[in-house]
Amino acid sequence: MAGLKVLVIGSGAREHALAWKIAQSDHVNEIFAAPGNAGTSLLAQNLSISVSDIPAIVNRARELKIDLVVVGPEAPLAAGLVDQLQTTGIPVFGPLRAAARLESSKVFSRELMLKYDIPRAAGESFSDYSAARSYLEGQSVPIVVKADGLAAGKGVIIALNKEDALAALDSIMKARTFGSAGDRVVIEECLFGREVSLLAFTDGKTAIPMVPACDYKRVYDDDRGLNTGGMGSYSPPGFFGQAMIDRVLQTIIQPVIAAMSAEGTPYQGVLYTGLILTDAGPRVLEFNARFGDPETQAILPRLKTDLVEIMLAVVKRDLHTVKIDWKDDPCVGVVMASGGYPGDYKNGYPITISDKLERDVTVFYAGAKQNDNGQIVTDGGRVLTVTATGKTMREARDTVYRNLPYIKFEGCHYRKDIAAREVD
């Protein structure tokens with residue numbers, strides 16, 4: 001199994017973290033990233049291919065004789081990249097298009113949970129605007145309105161009053177703000193409690209949970225401001241111990257994997273379960289069909305087992321033969337973002353990292369590229385994730401925040417409260 005060639009699909013900090021962990025495997029000889037970023041270029045050969053150009057990815061993987069493709073983002077999964085690679089005979093880590101509907105269609109996900117009695121919010125799904133509006137007018141607030149399809153993380157609206165709820169419905173189904181993603185909607189009760197992400201490796205039969213993590217969606221401290229792709233994360237949350245992991249595995253994750261098999265669409269890859277811990281127990285907020293971002297950047301530094309061995313076991317459907325071990329040390333990751341993000345922002349600002357940056361700090365690049373002069377500059381809203389582990393959560397958190405001033409670019413901003421509740 002030595003001398004493998006691995007291709008990572010994507011260009012975010014998640015993909016840099018995946019390449020970083022894959023590079024630690026004794027089985028890997030070469031790593032490629034499509035399209036990659038300034039961080040993956042330090043570990044891999046970047047290929048100038050869009051994640052949406054499925055034929056080009058398949059052809060390049062065939063030309064390079066790739067032994068394993070690892071798909072990072074959701075869009076190529078929903079578009080059937082895994083299906084095309086499997087047809088070509090190229091091993092790939094990720095779910096088939098039909099299985100990826102757990103993320104790409106909130107209606108599909110909701111109906112599956114309803115059919116197999118998996119804990120979720122109460123609500124209904126609609127393809128008819130008038131029926132959706134009539135239902136919505138009869139509900140209490142706050143309430144959640146969701147576009148069915150992929151909407152770059154912006155298709156879920158928590159409405160605090162009826163006026164905002166109706167405006168959200170109009171935006172999705174009439175104004176078509178999210179295009180065809182708004183052909184159908186899900187309207188659900190608003191659940192209250194602490195949120196946590198529990199990811200699991202699965203080969204369609206066996207499911208092995210990873211260590212849990214928490215992420216921060218709002219742009220500013222104390223969960224103020226607009227939603228983002230995630231401003232930071234930490235692992236593990238002290239309020240979500242092994243007993244709760246076991247409970248979620250038994251009542252949600254394993255039933256979902258069994259349900260997908262029963263429906264004729266076995267699920268292989270990573271299943272991301274976004275949970276909220278209500279007074280009645282854990283409930284599913286969402287499923288994602290891949291590694292989370294920024295959770296991956298806080299989870300993978302804690303993984304002791306060879307990631308490539310795990311992925312190959314998933315592909316071969318013998319995950320039950322692998323024992324997955326984790327470090328006890330907590331990890332904290334803070335996202336440094338461009339000025340103006342998640343609104344309008346400018347790119348092209350030089351990124352400087354002082355040689356005072358401590359060795360134990362890891363920087364995962366996202367919106368960053370090398371310009372024509374070879375200098376690393378900003379190239380996105382979330383520019384990078386800075387992570388550190390420690391013997392305690394406080395130590396990990398202190399290390400990250402102590403080192404952030406050593407990294408600079410114009411307009412940089414970040415949250416100051418990542419993991420703060422864990423050390424108060």
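Axes are lines fitted to C-alpha atoms, for helices over the stretch in contact, and angles run from 0 to 180 degrees between N-to-C directions. Helices (H or I, at least four residues) and strands (E, at least two) are DSSP runs, numbered from the N terminus. The structure is a predicted model, in which local features need pLDDT of at least 70 and side-chain atom pairs count only at pLDDT 80 or more, whereas totals for chains, interfaces and linings use all residues. Residues are numbered from 1 along each chain as its sequence is written, and side-chain values use heavy atoms, with hydrogens and water left out.

The protein contains 13 helices and 24 strands. Its C-alpha atoms fill a box of roughly 60 × 45 × 45 Å along the principal axes. The radius of gyration, taken over C-alpha atoms, is compared with a globule rule of 2.2 Å times the number of residues to the power 0.38. For 424 residues a compact globule would have a value near 22 Å, and the protein, with 21 Å, agrees with this. Of the 424 residues, 55% are buried (under 20% relative accessible area with a 1.4 Å probe, protein chains only; exposed means over 50%, and partly exposed in between). Contact is defined as heavy atoms within 4.5 Å. Among contacts between residues at least 6 apart in sequence, 69% join residues at least 24 apart.

An open sheet is formed by 5 strands in the order β3-β2-β1-β4-β5, with parallel pairing. Two strands are taken as paired if DSSP finds at least two bridges between them. Strand β1 (residues 4-10) pairs with strand β4 (residues 68-71) in the parallel sense over 4 bridges. Within this pair, Val 69 in β4 is the bridge partner of Leu 7.

Helices α2 (residues 54-63) and α4 (residues 81-88) have axes that come within 10 Å and cross at roughly 35°. The crossing is right-handed, that is, the near helix is turned clockwise from the far one by less than a right angle. On the α2 side the contact involves Ile 54, Ile 57, Val 58, Ala 61 and Arg 62, which meet Leu 81, Gln 84, Leu 85 and Thr 88 in α4. These residues divide into 6 nonpolar, 2 polar and 1 charged (Ala, Val, Leu, Ile, Met, Phe, Trp, Tyr, Cys and Pro count as nonpolar, Asp, Glu, Lys and Arg as charged, and the others, Gly among them, as polar).

Most residues other than glycine have a negative phi, and most peptide bonds are trans. The bond from Val 141 to Pro 142 is cis, with omega near 0°, and Pro 142 is found in the loop between α7 (129-137) and β7 (143-147). Tyr 341 and Pro 342 are also joined by a cis peptide bond, with omega about 15°; Pro 342 lies in the loop between β18 (331-337) and β19 (352-353). Asp 117, although not a glycine, has a positive phi of about 55°. Asp 117 is located in the loop between α6 (106-115) and β6 (123-126) and counts as exposed at 63% relative accessibility. Asp 223 likewise has a positive phi of about 55°. The loop that holds Asp 223 runs between β13 (218-220) and β14 (224-227), and Asp 223 is partly exposed, with a relative accessible area of 49%.
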